Amino acid sequence: MIEVGQKAYLLFDGDCGICTCFAEVARRLDRHKRFVVEAYQSYPETELLRFGLSSEQCARKMQVIATNGRIYAGAFGLNYFLFYSFPWSLLVILIYAIPVLLLLEIMAYAWVARNRHRLSRWFGLKACLLEGEQGGSIPAPKR
């Protein structure tokens, strides 16, 4: 059960190698244990809906549920997390101080999100679920 107030929740796609790798790094960076880092698949859809999230949204972008219940998605979720991880917080401040850097970060996040199944395979990580042309998910070929 997601309980806001004490800790923020970083929800990632547990079926994605890139996402899972980032989650492992995030757990190490979170020295003060301010975040619960979990695959969104750990929670039933009804639990996600309490915060206005769907499984589809969580599958497309990392979602952070702040301690006040506010949602930060994608690059903004990444920045929210990094802001609480010194010295990365300095980078986040710089990104928001120079808007073109924020735009580049948003574009880079979108590119990685679109190509994460390929990137996972290239880096030899756990295969992602590929989104089929009809909108359904199909398993990636096993190697």
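How many residues line the second largest pocket, and which lie nearest its centre? The second largest pocket is lined by 20 residues, and I18, F22, L78, Y109 and V112 are those nearest its centre. A pocket is an open set of points on a 1 Å grid over the protein atoms alone where a 1.4 Å probe fits, with protein on both sides within 12 Å along at least five of seven lines, and lining residues have an atom within 4 Å of a point. The model is predicted, and local features need pLDDT of at least 70, side-chain atom pairs count only at pLDDT 80 or more, and totals for chains, interfaces and linings use all residues. Residues are numbered from 1 along each chain as its sequence is written, and side-chain values use heavy atoms, with hydrogens and water left out.

Two or more lining residues come from each of β1 (8-12), α1 (17-29), α3 (55-60) and α6 (99-122), where helices (H or I, at least four residues) and strands (E, at least two) are DSSP runs numbered from the N terminus. The most, 6 residues, are given by α6.

Helix α6 also meets α5 (residues 88-97): their axes, lines fitted to C-alpha atoms over the stretch in contact, come within 4 Å and cross at roughly 105°. The two helices are therefore roughly perpendicular, a term for angles of 65 to 115 degrees. Contact (heavy atoms within 4.5 Å) involves L94, I95, Y96 and A97 of α5 and P99, L101, L102 and E105 of α6.

A salt bridge (a side-chain nitrogen of Lys or Arg within 4 Å of a carboxyl oxygen of Asp or Glu) joins R116 to D13, with the closest N and O atoms 3.0 Å apart. R116 lies in helix α6 and D13 in the loop between β1 and α1, so the pair ties together parts 103 residues apart in sequence.

Terms used: Axes fitted to C-alpha atoms, helices over the stretch in contact; angles between N-to-C directions. Parallel < 35°, antiparallel > 145°, perpendicular 65-115°, else oblique.
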